Amino acid sequence: MLSGELDLVVITGNAGDGKTAFLENLLEEAVKHGAIQGPSRDNGADFQLGDRWFHTNNDGSQDEGERGNDEVLI
């Protein structure tokens with residue numbers, strides 16, 4: 001994923017399967033490879049690796065502050 005070849009990756013599974021842990025590990029690996037983190041978010045992370053920005057979303061059904069989940073997913 002960090003190569004930037006994919007435009008969208010959807011991770012699904014049951015509660016407790018490790019989806020959020022996977023995304024947290026992805027961010028850690030990106031930082032090890034020189035990624036610059038964007039502003040902190042409660043439901044994911046934004047980071048830049050090379051010329052590409054990555055935006056993770058830990059829970060597609062969760063709102064983020066004033067933004068409803070539908071808007072968050074756009």
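This is a predicted model: local features need pLDDT of at least 70, side-chain atom pairs count only at pLDDT 80 or more; totals for chains, interfaces and linings use all residues.
Local features require pLDDT of at least 70, side-chain atom pairs count only at pLDDT 80 or more, and totals for chains, interfaces and linings use all residues. Residues are numbered from 1 along each chain as its sequence is written, and side-chain values use heavy atoms, with hydrogens and water left out.

The account begins with the sheet. Helices (H or I, at least four residues) and strands (E, at least two) are taken as DSSP runs and numbered from the N terminus. Two strands are said to pair if DSSP finds at least two bridges between them. On these terms the model contains an open sheet of 3 strands in the order S1-S2-S3, with antiparallel pairing. Strand S1 (36-37) and S3 are the edge strands, each pairing on one side only. In general, strands of a sheet pair through backbone hydrogen bonds, either parallel or antiparallel.

S1 and S2 are paired in the antiparallel sense over 2 bridges, and Ile36 has Gln48 as its bridge partner in S2. Between S2 and S3, which also run antiparallel, there are 4 bridges. Here Gln48 has Trp53 as its bridge partner in S3, while Phe47 stands opposite Phe54 in S3. S2 and S3 form a hairpin with 2 residues between them, and Gly50 in the turn has a positive phi of about 65°.

Attention now passes to the interior. Buried means under 20% relative accessible area, exposed means over 50%, and partly exposed lies in between (1.4 Å probe, protein chains only). A nonpolar core is a set of buried Ala, Val, Leu, Ile, Met, Phe, Trp, Tyr and Cys residues joined through side-chain atoms within 4.5 Å. The largest such core has 7 residues, namely Leu27, Ala30, Ala35, Ala45, Phe47, Leu49 and Phe54. H1 and strand S2 (46-49) each supply at least two residues of this core. In soluble globular proteins, nonpolar side chains tend to be buried together.

The charged side chains come next. A salt bridge is a side-chain nitrogen of Lys or Arg within 4 Å of a carboxyl oxygen of Asp or Glu, and by this rule the count comes to 3 salt bridges. Side chains of opposite charge can pair when their charged atoms come close. Arg52 is partly exposed, with a relative accessible area of 28%, whereas Asp7 counts as exposed at 73%.

Glu29 and Lys32 form another salt bridge, their closest N and O atoms being 3.3 Å apart. Both residues lie in helix H1, 3 residues apart, about one turn of the helix. Glu29 is partly exposed at 34% relative accessibility, and Lys32 is exposed at 63%. A further salt bridge brings together the side chains of Asp46 and Arg41 (3.1 Å, N to O). Asp46 counts as buried because its relative accessibility is 15%, while Arg41 is partly exposed with a relative accessible area of 22%.

The last topic is the surface and the segment before the helix. Val9 is found in the segment before helix H1 (19-32) and is partly exposed, with a relative accessible area of 39%. Leu8 is found in the segment before H1 as well, and counts as exposed at 69% relative accessibility. Leu8 and Phe47 are 39 residues apart in sequence and 15 Å apart in space, C-alpha to C-alpha.
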